[in-house]
Amino acid sequence: MSHFTKSAVYKPDALIAKDVNAYLKAHQKKLLLRFITCGSVDDGKSTLIGRLLFESKMLFEDHLKQLELDSKRTGTQGKNLDFALLLDGLEAEREQGITIDVAYRFFTTEKMKFIAADTPGHEQYTRNMITAASTAELAIILIDARKGVLTQTRRHSFLCKLIGINNFILAVNKMDLVKYSESTFKKIFSDYNEFAKKIGIKNITAIPVSGLLGDNITSPSINTTWYSGSTLMNRLENLVTPKKPKSKNGLKMPVQWVNRPNSNFRGFSGKIVDGSVKLGEKVRILPGGTLSEVSKIFVSDRKVEQAKTGESITLTFKDEVDCSRGQIITAADQPIEVADQFESKLIWMDEEDLVPGRSYYLKIGTQTVLATISTPKYQINVNTMEHMACKTLTLNTIGVANIIMDRPIAFTPYEKNKELGGFILIDKIRNSTAAAGLINFALRRSKNIHWQALDITRKDRANQKNQKARVIWLTGLSGSGKSTIANTLEQKLNNLGYHTFILDGDNVRHGLNKDLGFTEVDRIENIRRIGEVAKLMTDAGLVVITAFISPFKLEREMVRKMMEPNEFFEIYIDTPLAIAEKRDVKGLYAKARTGELKNFTGIDSPYEPPENPEIHIKSDQLSAVEAADLIVKKLFI
Amino acid sequence: MSTLTHLSKLESEAVHIMREVVAEAERPVMLYSIGKDSAVMLHLAKKAFYPSSPPFPLLHVDTTWKFQDMYKLREKSAKDARMELLIHKNPEALKRGINPFDHGTLHTDLWKTEGLKQALNKFNFDAIFGGARRDEEKSRAKERIFSFRNCHHRWEPKAQRPELWSLYNTQKSKGESFRVFPLSNWTELDVWQYIYLEDIEIVPLYFAASRPTVDRDGLILMIDDERFPLNKHEKPCIRSIRFRTLGCYPLTGAIESKAKTLPEVIQETLLTTTSERQGRAIDAEEGSSMEAKKQQGYF
């Protein structure tokens with residue numbers, strides 16, 4: 001490695017010493033390219049980045065000194081400098097000799113500024129690799145010339161393509177160890193090409209390099225006279241040319257924040273994610289579709305006549321229109337799609353598996369909505385690209401599923417625009433980022449099925465019965481007395497003249513839900529259907545009493561959200577497990593204890609008690625009649 | 001119209017990040033350390049919310065050992081930005097007279113790390129802007145833009161949330177918070193260049209002037225006030241010096257320099273062969289000292 005370090009002294013650009021003002025002027029105009037490097041462990045990724053930093057004079061003396069010390073202490077390269085230590089910034093990484101999370105490194109050449117993201121190779125840290133890839137425009141795929149295309153090479157290429165990277169450099173590294181063999185290089189390139197074609201990667205440049213010795217990094221190597229292509233640095237500098245934004249693209253800007261310093265100014269701040277905007281332009285605010293006209297534009301604090309993609313701006317409108325965070329301002333004649341259901345790719349990133357039917361937060365653009373995910377249609381094997389049947393998605397798996405949201409949103413397919421078609425799912429309890437989603441298309445049924453407006457309203461129906469529609473939701477363990485209390489309650493309400501209906505667990509499972517079992521997924525679907533039925537009944541003006549174990553907090557919350565405010569009342573029928581088990585009216589606990597009955601709540605499946613029920617009834621202390629009286633007193637009188 | 005230059009992209013990204021925080025956090029605050037990165041961050045905040053003034057206060061965790069010139073600029077900057085300035089000094093450190101001369105690492109620990117945690121708890125801030133950049137140090141190079149902290153303000157580097165595109169997951173439970181770094185993707189040169197382009201006011205100590213100094217432990221230290229205890233054989237000498245970074249004056253090494261204008265400073269910065277944090281005593285200890293400090297809540 002002495003080869004590397006001898007010249008490893010910071011050599012600044014000659015122009016800096018000669019004329020710093022001229023240098024600054026040139027630097028100001030530089031463009032930015034973000035790229036990632038991926039490859040298997042020991043393909044020489046870190047050495048390559050070390051080399052790039054070094055060649056662009058970004059390794060300072062104190063960095064090198066530190067690196068020498070670290071290499072002696074924990075290095076894996078014998079007497080040589082271990083460049084991985086330069087990038088593996090976390091103690092755990094240096095300790096284990098692996099890259100866990102992405103490291104960002106910066107360097108500048110005379111033409112460009114670069115942000116390089118060095119990504120972990122292990123499958124376990126896929127989510128960190130995806131994090132880096134999501135903001136990159138180019139990927140350098142490293143291959144060890146001695147090993148050729150490996151499973152990891154394929155997986156990384158697939159993930160890069162999936163997340164929308166379209167430019168690839170195949171750096172066939174460690175050429176010095178294969179005697180700069182042209183045939184080895186060609187074989188690897190053709191192997192890779194064959195695979196790349198299958199997954200739709202088109203723009204590939206293959207370059208034979210040695211990160212360690214510097215071949216074809218910044219200057220053409222005398223060792224590869226058979227290669228006439230560009231050097232790696234040259235390719236990086238020229239691959240992504242400054243595109244002129246297509247002027248015909250209409251404005252698309254998610255509203256981030258409403259700017260109201262005083263009553264005379266109401267501005268809408270956000271970043272333009274596509275197109276451009278001019279003063280006087282007609283715009284449409286989605287999903288509502290309100291029209292208006294742009295009266296002022298500010299790029300940060302500068303008043304301008306027009307603004308373009310990538311700029312953070314503040315707009316004002318000619319008239320007072322309703323517009324707030326989460327909405328998208330588009331050119332009036334180029335609105336984007338609005339739907340509440342779509343098909344999407346999902347990259348699962350959470351230790352907890354996907355629970356189909358459960359509700360998650362879905363954040364897209366500047367908006368957060370509630371969404372439920374269907375059972376995946378299939379899962380993609382990232383090593384072989386095969387589609388496989390699956391029931392859920394687990395950490396680092398990728399699948400395709402339908403997503404249903406609680407309200408319509410404006411979006412574009414991910415392929416058309418990352419910022420209007422990419423979303424994250426957030427676990428509602430643990431707040432973790434559960435998945436990254438890439439929208440494929442809106443589901444036809446959501447586009448075409450519009451709500452049928454009816455002349456007789458739900459209020460009319462309830463008024464006719466002289467009552468307010470509501471749902472009395474009894475939840476508790478099996479044997480806590482839900483059904484008995486529900487029965488007694490219904491009798492009392494009937495005597496008082498209310499129009500009621502009972503939905504009971506066992507009865508529903510004989511009909512509507514007889515296709516469902518007792519797994520977590522089926523239990524969620526069970527409750528969802530019951531919620532929908534209860535909702536129809538409240539629309540009909542009825543007082544609905546339900547008696548279901550409904551063990552999961554999230555599903556009870558889901559039902560609550562389906563109803564109008566103040567229509568849903570959660571009644572916790574609280575009995576200690578020991579007492580419920582002792583009663584064991586249906587003999588179910590006995591079966592569960594012997595293992596004959598699986599997934600039984602309280603035994604081998606959890607019950608999540610309500611935190612803030614409207615009424616909390618301790619049924620080991622009250623009789624069914626007393627409990628029913630309490631409910632009547634609290635909710636009906 | 002052409003593609004944005006790297007500086008306009010960085011500016012737009014920082015503005016976007018700040019607006020996200022204000023839209024989603026309950027009690028945001030900007031940690032203001034009076035250095036050049038803070039100056040840039042404050043400037044960007046003014047831009048992001050124009051014509052409103054930035055809708056959050058500035059917080060200075062004061063160690064009482066900053067340079068006099070820094071204290072002067074602190075008051076002025078807050079006033080110019082029409083922002084509330086909160087100053088917190090750890091009462092325990094004050095009572096015990098903790099100082100960098102007698103107490104070594106305890107100084108940073110009590111004044112800065114503990115002081116910061118106290119201030120955050122006192123005001124219940126749930127999103128804290130910091131001016132750290134990824135090019136500064138290798139554990140910073142790994143940190144997310146929205147960096148989650150548990151209720152003890154701890155950073156969990158092995159379990160960072162994925163951060164895709166420019167979508168930030170800001171969901172958290174009570175007591176938890178985020179450190180947010182709008183300058184994550186800026187380099188030292190970008191910061192200088194931006195200060196130059198936008199004519200941002202910075203502490204005069206960044207420019208060379210004749211100042212009283214002594215050499216100690218390989219650093220050139222400036223004698224900023226009468227609290228500096230001189231060793232027997234030490235004699236202050238006047239030298240033309242400036243600073244690349246600013247912290248507590250007894251812990252911040254100066255460099256000899258004649259650069260009196262911004263282009264000259266930039267020129268010198270670019271021609272130097274060491275990185276900027278080299279002048280900071282805190283980094284030199286061992287490989288992962290910064291990571292350990294950050295885990296405990298240090299910015």
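**Exercise 1.** Find which residue of chain B meets the side chain of A:Asp101 in a salt bridge.

*Solution.* A salt bridge is a side-chain nitrogen of Lys or Arg within 4 Å of a carboxyl oxygen of Asp or Glu. The side chain of A:Asp101 meets that of B:Arg144, with 3.1 Å from N to O. Between chain B and chain A the count is eight salt bridges.

The model is predicted: local features need pLDDT of at least 70, side-chain atom pairs count only at pLDDT 80 or more, and totals for chains, interfaces and linings use all residues. Residues are numbered from 1 along each chain as its sequence is written, chains are lettered from A in the order in which they are written, and side-chain values use heavy atoms, leaving out hydrogens and water.

**Exercise 2.** Describe the side of chain B that touches chain A by element and by class.

*Solution.* Step one: helices are DSSP runs (H or I, at least four residues), numbered from the N terminus. Helix 1 (6-24), helix 2 (36-49), helix 7 (188-198) and helix 8 (262-271) of chain B each give two or more residues. Step two: helix 1 of chain B has the largest share, 13 residues. Step three: by class there are 25 nonpolar, 26 polar and 19 charged residues; Asp, Glu, Lys and Arg count as charged, and Gly is among the polar ones.

**Exercise 3.** State how many residues of each chain are in contact.

*Solution.* With contact meaning heavy atoms within 4.5 Å, 70 residues of chain B touch 96 residues of chain A.
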